[in-house]
Amino acid sequence: MNNELRISSPADILGFIPHTLGFVPSESFVFVSMRGNTLGATLRVNAPAHTDPAGFAASMINYLALDELASSVLLTVYSDAAPETGTPRPFHHHVEAIIAALERAGTPLRDAWLVTSDRWKNLLCDDTLCCQPQPLETITDGHLNAEMVFRGSTYQKQPGTTYPPFNGPEDTAERIDHAGHVLQYSEAINGRELWSQAIGATGSISPDTTVQLLACFQYPSLRDTLMCNVIDPDRTDADGCGNLLMGHGIAPDWDRVDRAEEAARALITGAPRTYRAPLLTLIGWLAYLKGQSTVAAEHFTAAMEDTPGYRLAELLDEVVNQGTIAPVAADEATAYKKHH
């Protein structure tokens with residue numbers, strides 16, 4: 001996608017970032033690697049709070065080194081924080097440490113910007129005469145943002161889970177529980193077949209199928225199998241699927257992954273409270289595989305709020321909070337490519 005877009009100004013680059021992340025960052029550092037004049041990988045991390053500047057810079061270099069073709073780096077700081085006393089910019093010491101570390105790594109910082117809640121400016125230029133702050137409208141009204149929207153790309157104003165509260169039939173929970181009973185004691189419900197059809201369907205999932213699939217996802221062993229089936233449709237159980245779940249040694253059909261996410265989102269809207277956790281966890285896991293750690297963490301949190309103590313969400317949340325990047329996302333050959 002990057003190769004096809006014409007980027008002619010900083011506003012275009014700032015317009016590109018929310019589209020590639022899926023949301024507008026806040027209190028974040030966003031790095032974009034450059035391969036000559038072509039945009040490479042995008043990395044978003046929380047703005048450093050109490051971390052040592054040198055340590056923070058070193059960890060960023062380790063992440064950015066995953067793009068072996070990078071020749072330089074762009075940085076955008078999204079923050080409303082005030083500059084530290086006696087310094088010209090927010091996070092001054094962290095930015096200086098990053099500049100030095102990138103120089104040592106042979107991928108120098110090519111440019112940097114600061115984006116606040118109402119304007120943006122060059123982060124490295126301290127001359128207010130030649131580096132006037134610009135309104136955010138110059139980003140959203142820019143050529144590249146318009147082209148991305150024309151192509152069908154959208155993003156949220158902020159990261160998070162935007163699912164409406166359940167407003168379906170009052171007996172839905174009872175019907176899900178009944179379907180679960182049928183699932184346990186008969187072969188009338190084939191979860192893998194229903195899930196495969198839901199992923200492949202072009203229309204909406206029927207109410208009956210929604211109830212049956214929601215029942216299937218309530219059982220951990222079947223839930224794990226259905227999750228694995230997103231990546232490996234032929235797998236009949238989840239035994240030995242640890243590497244798959246962690247994103248090791250897989251090359252997903254990303255179009256199928258996106259369709260599975262759409263199906264999971266549809267199921268969530270048909271699920272009463274306390275029945276949503278498995279689907280929220282599934283979407284969070286798919287976001288982890290895509291390298292979208294912020295979206296993943298938001299969904300794991302939502303799953304734990306829906307069903308306190310939901311173990312799979314807790315475990316995956318620990319993985320994301322450790323800063324782990326899924327191997328499938330770290331390898332350019334297998335990393336997620338957004339379709340339009």
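This is a predicted model: local features need pLDDT of at least 70, side-chain atom pairs count only at pLDDT 80 or more; totals for chains, interfaces and linings use all residues.
What is the handedness of the crossing of α12 and α13? The crossing of these two helices is left-handed.

- Strand β5 (residues 119-122) pairs with β6 in the antiparallel sense over 2 bridges. Trp 120 has Gln 134 in β6 as its bridge partner.

**Strand β1 and its partners**

- Of the 8 residues of β1, 7 are buried, so the strand is largely enclosed by the rest of the structure.
- β1 and β2 run antiparallel and are joined by 7 bridges. Within this pairing, Val 32 stands opposite Thr 42 in β2.
- The two strands β1 and β2 form a hairpin with 2 residues between them. In the turn, Gly 36 has a positive phi of about 70°.
- β1 and β3 likewise run antiparallel, joined by 7 bridges. Here Ser 33 stands opposite Val 73 in β3.

**Helices α12 and α13**

- Helix α12 (residues 277-290) packs against helix α13 (residues 293-306) at an angle of about 165°, and their axes are 8 Å apart. Because of this angle, α12 is roughly antiparallel to α13; the cut-off for that description is an angle over 145 degrees.
- On the α12 side, the contact is made by Ala 277, Leu 280, Thr 281, Ile 283, Gly 284, Trp 285, Ala 287 and Tyr 288.
- On the α13 side, the contributing residues are Val 295, Ala 296, His 299, Phe 300, Ala 302, Ala 303 and Asp 306.

**Helices α6 and α8**

- The axes of helix α6 (residues 172-185) and helix α8 (residues 207-217) cross at roughly 65° and come within 8 Å.
- The crossing of α6 and α8 is right-handed.
- From α6, the contact involves Arg 175, Ile 176, Ala 179, Gly 180 and Leu 183. From α8, it involves Pro 207, Asp 208, Val 211, Gln 212, Leu 214, Ala 215 and Cys 216.

**Helix α1**

- Helix α1 (residues 10-21) has 12 residues, which at 1.5 Å a residue should span 16 Å; the end C-alpha atoms are 17 Å apart, in agreement with that expectation.
- The helix is mostly covered, with 10 of its 12 residues buried. Among the buried residues are Asp 12, Phe 16, Pro 18 and His 19.

**Glu 318**

- Glu 318 lies in helix α14 (residues 311-321). The residue is partly exposed, because its relative accessible area is 43%, between the limits of 20% for buried and 50% for exposed.
- Glu 318 and Ala 297 are 21 residues apart in sequence, with a C-alpha to C-alpha distance of 9.1 Å.

Technical notes:
Residues are numbered from 1 along each chain as its sequence is written. Side-chain values use heavy atoms; hydrogens and water are left out. Helices (H or I, at least four residues) and strands (E, at least two) are DSSP runs, numbered from the N terminus. The expected span of a helix is 1.5 Å times one less than its number of residues. Buried means under 20% relative accessible area, exposed over 50%, partly exposed in between (1.4 Å probe, protein chains only). Two strands pair if DSSP finds at least two bridges between them. Axes are lines fitted to C-alpha atoms, for helices over the stretch in contact, and angles run from 0 to 180 degrees between N-to-C directions. Angles under 35 degrees count as roughly parallel, over 145 as roughly antiparallel, 65 to 115 as roughly perpendicular and the rest as oblique. A crossing is left-handed if the near helix is turned anticlockwise from the far one by less than a right angle, and right-handed if clockwise. Contact means heavy atoms within 4.5 Å.
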